[in-house]
Amino acid sequence: TSGVLRSQADNSGWSGELAAFGLGQLPYAELLQAASGTGEQTEAHFYEAAQRLGRGDEAGARELFERVLSTHMVNFYEFTMARQLLAPRPATP
């Protein structure tokens with residue numbers, strides 16, 4: 001996966017910004033600043049939330065997943081995934 005990100009990180013434009021973020025070369029604040037429009041902001045919030053979740057910051061991840069939903073970008077994969085990740089889980093016996 002990191003090989004794919006490395007190959008994209010030098011590209012200009014949003015895909016290059018996302019790849020650099022995924023490699024840890026671009027902080028979230030800078031990724032969000034580079035986002036042009038609600039769709040790219042939705043993606044930035046989602047991928048930062050996923051990273052926070054991976055680091056064990058469930059509260060921070062939840063806050064950003066909720067921000068993804070507040071964009072109302074219902075046709076975005078990230079919106080659908082955020083909704084699923086925030087859905088209540090059935091109790092396990």
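Me: How many aromatic pairs does the count come to?
Reply: This is a predicted model, where local features need pLDDT of at least 70, side-chain atom pairs count only at pLDDT 80 or more, and totals for chains, interfaces and linings use all residues. Residues are numbered from 1 along each chain as its sequence is written, and side-chain values use heavy atoms, leaving out hydrogens and water. Rings of Phe, Tyr and Trp (its six-membered ring) pair if their centres lie within 6.5 Å, and planes under 30 degrees apart are stacked, over 60 edge-to-face, the rest tilted. By that rule, the number of aromatic pairs is 3.

Me: What kind of pair do Phe46 and Tyr47 form?
Reply: Their centres are 5.1 Å apart. The planes sit at 90 degrees, so by the over-60 cut-off the pair is edge-to-face.

Me: And which kind is Phe46 with Phe65?
Reply: Here the centres are 5.5 Å apart. The planes make 50 degrees, so this pair is tilted.

Me: Which helices does that pair link?
Reply: Helices are DSSP runs of H or I, at least four residues, numbered from the N terminus. The two residues are 19 apart in the chain, with Phe46 in H4 (residues 38-54) and Phe65 in H5 (residues 58-70). So the helices are H4 and H5.

Me: Is Phe46 buried or exposed?
Reply: Buried means under 20% relative accessible area, exposed over 50%, and partly exposed in between (1.4 Å probe, protein chains only). Phe46 has 6%, so Phe46 is buried.
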